[in-house]
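Q: I have a sequence and a model on screen. Can you show me how to read the features one at a time?
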Amino acid sequence: MLGRDHLMPPGVEGQDILRACWAGTAAFTAVAVVTTVFPDPMAVPMAVASLGLLAAGCAAMLWAFQQALERSRYELIGVGGLYFLAGCAPRSVRLSMMAALALESAVALAAASVRPFTASAFGILVPVYALGLSGAWGARHGTFPPRPPEGTTPADVDPNRNGDHV
């Protein structure tokens with residue numbers, strides 16, 4: 001079982017992003033459970049919560065992409081490293097962020113499966129939130145290898161450093 005130290009690893013950078021990720025995940029889980037039990041009165045809150053988290057995740061994803069573009073002048077940043085934190089984050093941060101993504105995905109699929117054709121289907125959009133915040137963490141705190149000097153061949157660069165392959 002994951003404890004608090006696994007979800008919010010102490011002593012790592014980006015605690016604000018981790019807290020926001022888990023707060024959104026917890027809020028969505030609570031709304032999804034209540035919506036599954038009471039689908040009609042909770043239709044609007046479920047749609048609002050899901051679309052709000054989708055919008056926040058999209059904004060975080062775009063911000064992360066913009067930051068990665070700036071950093072890519074000097075560092076090798078790949079999509080796997082940026083959004084899935086492969087090779088750029090401490091293991092504890094990566095596990096925490098990916099656990100939030102997995103939980104959001106599982107809750108969304110379960111709620112939509114139990115109550116198909118209801119507002120629970122909006123929940124399928126929510127995992128973009130955890131993915132976007134993972135990207136924000138990677139863009140802000142991730143460590144990526146330096147870009148090789150001009151004229152260096154791709155064979156000279158370790159393709160496994162940030163999860164991407166040449």
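A: Start with a single residue and its contacts. Leaving out residues up to four places away in sequence, serine 50 touches Phe28, Phe122, Gly123 and Val126. Keep in mind that this is a predicted model.

Q: Is serine 50 buried or exposed, and in which helix is it found?
A: Serine 50 belongs to helix H3. Its relative accessible area is 0%, so serine 50 is buried.

Q: How do I read a pair of helices? At what angle do the axes of H2 and H3 cross?
A: Look at the axes, then the direction, then the residues in contact. The axes of H2 (residues 15-37) and H3 (residues 43-71) come within 10 Å and cross at roughly 155°. Angles over 145 degrees count as roughly antiparallel, so H2 is roughly antiparallel to H3. The crossing of H2 past H3 is left-handed.

Q: Which residues of H2 and H3 make the contact?
A: H2 brings Gly24, Phe28, Val31, Ala32 and Thr35. H3 brings Pro45, Met46, Ala49, Ser50 and Leu53. By class, the contact of H2 with H3 has seven nonpolar, three polar and no charged residues.

Q: Now the other pair. How do the axes of H3 and H6 cross?
A: The axes of H3 and H6 (residues 127-141) come within 7 Å, crossing at roughly 25°. Angles under 35 degrees count as roughly parallel, so H3 is roughly parallel to H6. H3 passes H6 in a left-handed crossing.

Q: Which residues make the contact of H3 with H6?
A: Among those from H3 are Leu53, Ala56, Gly57, Trp63 and Arg71. From H6 they include Tyr129, Gly132, Leu133, Gly135 and Arg140. This contact divides into 14 nonpolar, five polar and two charged residues.

Q: Can we take one residue of that contact? How far apart are the C-alpha atoms of alanine 56 and leucine 133?
A: They are separated by 8.7 Å, although the two residues are 77 apart along the chain. Alanine 56 is in helix H3. With 34% relative accessibility, alanine 56 counts as partly exposed.

Q: What should I look for in a core?
A: In soluble globular proteins, nonpolar side chains tend to be buried together. Here the largest nonpolar core has 39 residues. Phe28, Leu85, Val93, Met97 and Leu133 have the most contacts inside it. The elements giving two or more residues to this core are H2, H3, H4 (79-84), H5 (91-114) and H6. H5 gives the most, with nine residues.

Q: Which residues are in contact with valine 93, leaving aside neighbours within four places in sequence?
A: Valine 93 is in contact with Pro9, Val12, Leu18, Leu85 and Trp137, with those neighbours left aside.

Q: What about backbone angles?
A: Most residues other than glycine have a negative phi. Leucine 85 is not a glycine, yet its phi is positive, at about 60°. Phenylalanine 117 is not a glycine either, and its phi is positive at about 65°.

Q: Where do leucine 85 and phenylalanine 117 lie?
A: Leucine 85 lies in the loop between H4 and H5. Phenylalanine 117 is in the loop between H5 and H6.

Q: Is leucine 85 buried or exposed? Is phenylalanine 117 buried or exposed?
A: Leucine 85 has a relative accessible area of 0%, so leucine 85 is buried. Phenylalanine 117, at 85% relative accessibility, counts as exposed.

How values were computed. Residues are numbered from 1 along each chain as its sequence is written. This is a predicted model: local features need pLDDT of at least 70, side-chain atom pairs count only at pLDDT 80 or more; totals for chains, interfaces and linings use all residues. Side-chain values use heavy atoms; hydrogens and water are left out. Axes are lines fitted to C-alpha atoms, for helices over the stretch in contact, and angles run from 0 to 180 degrees between N-to-C directions. Helices (H or I, at least four residues) and strands (E, at least two) are DSSP runs, numbered from the N terminus. Angles under 35 degrees count as roughly parallel, over 145 as roughly antiparallel, 65 to 115 as roughly perpendicular and the rest as oblique. A crossing is left-handed if the near helix is turned anticlockwise from the far one by less than a right angle, and right-handed if clockwise. Contact means heavy atoms within 4.5 Å. Ala, Val, Leu, Ile, Met, Phe, Trp, Tyr, Cys and Pro count as nonpolar, Asp, Glu, Lys and Arg as charged, and the others, Gly among them, as polar. Buried means under 20% relative accessible area, exposed over 50%, partly exposed in between (1.4 Å probe, protein chains only). A nonpolar core is a set of buried Ala, Val, Leu, Ile, Met, Phe, Trp, Tyr and Cys residues joined through side-chain atoms within 4.5 Å.
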